[in-house]
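I opened my notebook to look at how side chains pack in this model. Here is what I looked up, entry by entry.

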Amino acid sequence: MAKLFVNPNVKKGHINPELQGHFSEHLGRCIYEGLFVGENSDIPNVNGMRTDVVEALKEIKVPVLRWPGGCFADEYHWKDGIGPKESRKKMINTHWGGVVEDNSFGTHEFMELCRQLGCKAYVNGNVGSGTVQEMSEWVEYMTFDGVSPMADLRKANGHEEPWTVNYFGVGNENWGCGGNMRPQYYGDLYRRFQTYVRNYNHDKPIYKIACGPNADDYNWTSKLLETLFDHSAGSLLNGLSLHYYTVPNGVWQEKGSATEFDEKSWYKTLKITLKMEELIKRHGAIMDQYDPEKNIGMIIDEWGVWTDVEPGTNPGFLYQQNTMRDALVAGINLNIFNKNCDRVKMANIAQMVNVLQSVILTDGEKMVKTPTWHAFNLFKYHQDNELVESSIETRQIGLEADCMIPDLSESVSVDKDGKLHVTLTNASLTDASDIEMILAETPVKSVKGSVLTGKMNAHNTFDAPDTVGCEAFEAIKTEGNKVKFTAPACSVLHLEVEI
């Protein structure tokens, strides 16, 4: 029996709701057809945002949404997406499928979506092909409450009051699609561009995010921070991004199917996703050299599973199905983010709808919640809680010596009402795990739970939307300060413990 030790009296950090954030790019059918169908659509909508999708996203308490990219951000010119829709400029989306982007979803539409979701806005600016003036004017357009050319333009376009921009990314992947820059060069550009991301509302300052590394590019982190901290205090930035995708076979050219995979691929995929812990620790150690008090947040604003696209779909649309393997990837990563919440302040899964590891899939008027949606639904109870000390006994599982992984992962938090929330994953495909949770000097009053489980490649389709879903978890025994239960094979579990 595996022992899960929890000390509710030792607080380890604050779990920002933004650790369960999301990412929406002008890519494939994420924005158009997924989130936005237009006011004249037969699909039920409010101001063009499809009602079923918005309601499903509100259910998992989406805390923040990043937009408009991604690679798209560094070719996006925001003035093309304002004003009457019929007069907005059209462009070719060169990164994603070579399709026409008609800019009918722009700044006003994004802010309306955030309003409906009740989430914070994370806007990504254009450094790769844009100018300082363009970025400066965008911030002015969105946030200035006064008399100015951009504020007047916003009012003329129908929005009298300024919006709140909570987070602003100064460029995206500038080591690659955002300009193929060296870290020192980008660092100097960041210093310049961020100067003109003005805080017009001092009560709601914009949290500025610099483009950080791709996966294990520790040189980028080191050289960038050296450049940013040279001849200046670290107040130039609030956050540093990190991008890391779980590529099932570890080879971008041979990613494999989202649904057709074997047990070896299962364990290899989870081994690859567990590298997230190493990346956080090693990049975090470099950040500690400049920011030992951890005032600068690590922002993991792109993460998730990246497989081959579904057969017969546009390869530039990155549309893939979503299985229990994705749910385990989500659960493992969300536990990692929680347990590193002293440094990790936001994490945005890629992407929200119809692209990569989505929480929602749509087809015309049909919509399904993916296994990943259900995993997020279990983790939402951690939002805005205090992480408490916990550890769990694990055993190594797998089919190949170089792809062994721990069978279990966990994180535990306490909410404002004093209730404990435990999330746990069991990555074994064959073995349930008997677990005894021991709470230090804390008797247990009651426990209730929910579980997500199924076969490794189980997934929801438009014809069978409820194949995978959460169920009540009731096989729980309590005695004093101990809780005993069995985590099913291939499962994600949430327990609420009243103490």
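Entry one, the cores. I found that the largest nonpolar core has 119 residues, and that Leu57, Phe168, Ile300 and Trp303 have the most contacts inside it. Helix α9 (residues 324-339) gives the largest share of this core, nine residues. I also noted a second, separate core of 25 residues, with Ile392, Ile435, Val447 and Phe473 among them. For my own reference, a nonpolar core is a set of buried Ala, Val, Leu, Ile, Met, Phe, Trp, Tyr and Cys residues joined through side-chain atoms within 4.5 Å. Buried means under 20% relative accessible area (1.4 Å probe, protein chains only). Helices (H or I, at least four residues) and strands (E, at least two) are DSSP runs, numbered from the N terminus.

A note on the source: this is a predicted model, where local features need pLDDT of at least 70, side-chain atom pairs count only at pLDDT 80 or more, and totals for chains, interfaces and linings use all residues. Residues are numbered from 1 along each chain as its sequence is written, and side-chain values use heavy atoms, leaving out hydrogens and water.

Entry two, the rings. The structure holds 24 aromatic pairs (ring centres of Phe, Tyr or Trp, by its six-membered ring, within 6.5 Å; planes under 30 degrees apart are stacked, over 60 edge-to-face, the rest tilted). I picked Trp78 and Tyr141: their ring centres are 4.9 Å apart and their planes at 50°, so this pair is tilted. Trp78 is in the loop between β5 (64-67) and β6 (91-92) and Tyr141 in helix α3 (residues 132-143), so the pair ties together parts 63 residues apart in sequence. Trp78 is buried at 1% relative accessible area, and Tyr141 is buried at 0%.

Terms used: Buried < 20%, exposed > 50% of the residue type's maximum accessible area, 1.4 Å probe, protein only.
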